[in-house]
Amino acid sequence: MSRPSWEEYFCDLVAAVSKRATCDRGQSGCVVVRDKRIICTGYVGSPAGLPHCDDVGHEWGRVLLEDGNIREHCIRTVHAEQNALVQAARNGLSLEGSTVYCSMEPCATCTMLLISAGVERVVALKKYHAAARSREMFLHAGVTLDVLNDEVETYATGNA
């Protein structure tokens with residue numbers, strides 16, 4: 001077996017981190033790196049002290065999209081990227097100039113937060129069906145987005 005590249009190593013860690021997710025839909029993970037050093041990680045889960053989907057079920061919310069379609073999202077949890085940003089903030093760690101490795105392309109809200117935090121590059125293992133706006137924002141902000149797989153993330157339940 002050959003030694004993995006740094007990129008392979010961090011992508012493997014994303015998969016490991018995602019196993020801690022407390023929502024069985026889109027079990028996402030996130031690893032934030034600068035200079036080949038891990039700054040923080042995050043996974044999909046409820047805020048500390050609140051019930052987890054895995055324990056009490058999903059909390060569904062409906063979102064009306066610009067094209068008129070309605071999607072259901074589980075709104076009980078915080079996204080992996082958001083949890084990583086919060087961990088960095090709680091520990092006084094800057095993400096300026098960092099690279100974010102994540103399970104799928106970030107949603108628009110996570111994208112805005114990552115740009116505002118000074119992230120320079122995002123590496124996503126898969127595509128996200130609603131990432132058109134995220135791609136546009138990353139491009140406009142000068143953040144490099146690399147998607148390693150053309151597969152679009154799918155969910156076991158719900159439709160988004």
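Modeller: Helices (H or I, at least four residues) and strands (E, at least two) are DSSP runs, numbered from the N terminus. The model is predicted: local features need pLDDT of at least 70 and side-chain atom pairs count only at pLDDT 80 or more, while totals for chains, interfaces and linings use all residues. Residues are numbered from 1 along each chain as its sequence is written, and side-chain values use heavy atoms, with hydrogens and water left out.

Colleague: In which strand does Ile 38 lie?

Modeller: Ile 38 has a relative accessibility of 41% and therefore counts as partly exposed (buried is under 20% relative accessible area, exposed over 50%, partly exposed in between, with a 1.4 Å probe and protein chains only). The strand that holds Ile 38 spans residues 37-43, and its name is β2.

Colleague: Is Asp 35 buried or exposed?

Modeller: Asp 35 belongs to the loop between β1 (29-34) and β2. Although Asp 35 is not a glycine, its phi is positive, at about 55°. Its relative accessible area is 68%, so Asp 35 is classed as exposed.

Colleague: What is the phi of Lys 36?

Modeller: Lys 36 is also placed in the loop between β1 and β2. Lys 36 counts as partly exposed because its relative accessibility is 46%. This residue is not a glycine, yet its phi is positive, at about 60°.

Colleague: How many salt bridges does a search of the whole structure find?

Modeller: The criterion for a salt bridge is a side-chain nitrogen of Lys or Arg within 4 Å of a carboxyl oxygen of Asp or Glu. Among the pairs that meet in this way are Lys 126 and Glu 151. Over the whole structure, the number of salt bridges found is seven.

Colleague: How many residues apart in sequence are the parts that Glu 59 and Arg 76 tie together?

Modeller: Glu 59 and Arg 76 form a salt bridge in which the closest N and O atoms are 3.8 Å apart. Glu 59 lies in the loop between α2 (53-56) and β3 (60-64) and Arg 76 in the loop between β4 (70-74) and α3 (80-90), so the distance in sequence between the parts they tie together is 17 residues.

Colleague: Is Arg 76 buried or exposed?

Modeller: Its partner in the salt bridge, Glu 59, counts as partly exposed because its relative accessibility is 36%. Arg 76 has a relative accessible area of 18%, and is therefore buried.

Colleague: Which residue is linked with Arg 121 and Asp 146 in a network of salt bridges?

Modeller: Arg 121 and Asp 146 form a salt bridge whose closest N and O atoms are 2.8 Å apart. Arg 121 lies in strand β6 and Asp 146 in strand β7 (residues 144-147), so the pair ties together parts that are 25 residues apart in sequence. Arg 121, at 22% relative accessibility, counts as partly exposed, as does Asp 146 at 26%. The network that links Arg 121 and Asp 146 also includes Glu 7.

Colleague: In which strand does Lys 126 lie?

Modeller: The side chains of Lys 126 and Glu 151 meet in a salt bridge of 3.6 Å, N to O. Glu 151 lies in the segment after β7, so the pair ties together parts that are 25 residues apart in sequence, with Lys 126 in strand β6.

Colleague: What is the relative accessible area of Lys 126?

Modeller: Its partner Glu 151 counts as partly exposed, at 41% relative accessibility. Lys 126 is also classed as partly exposed, because its relative accessible area is 23%.

Colleague: How far is the C-alpha atom of Lys 127 from that of Thr 111?

Modeller: Lys 127 is located in the loop between β6 (121-126) and α5. With a relative accessibility of 27%, Lys 127 counts as partly exposed. Lys 127 and Thr 111 are 16 residues apart along the chain, and their C-alpha atoms are separated by 14 Å.

Colleague: At roughly what angle do the axes of α4 and α5 cross?

Modeller: Axes are lines fitted to C-alpha atoms, for helices over the stretch in contact, and angles run from 0 to 180 degrees between N-to-C directions. Angles under 35 degrees count as roughly parallel, over 145 as roughly antiparallel, 65 to 115 as roughly perpendicular and the rest as oblique. Helices α4 and α5 are therefore roughly parallel to each other. Helix α4 covers residues 108-116 and helix α5 residues 132-141; their axes come within 9 Å and cross at roughly 15°.

Colleague: Is the crossing of α3 and α4 left-handed or right-handed?

Modeller: The axes of α3 and α4 come within 9 Å and cross at roughly 30°. That makes α3 roughly parallel to α4. A crossing is left-handed if the near helix is turned anticlockwise from the far one by less than a right angle, and right-handed if clockwise. The crossing of α4 and α5 is right-handed, whereas that of α3 and α4 is left-handed.
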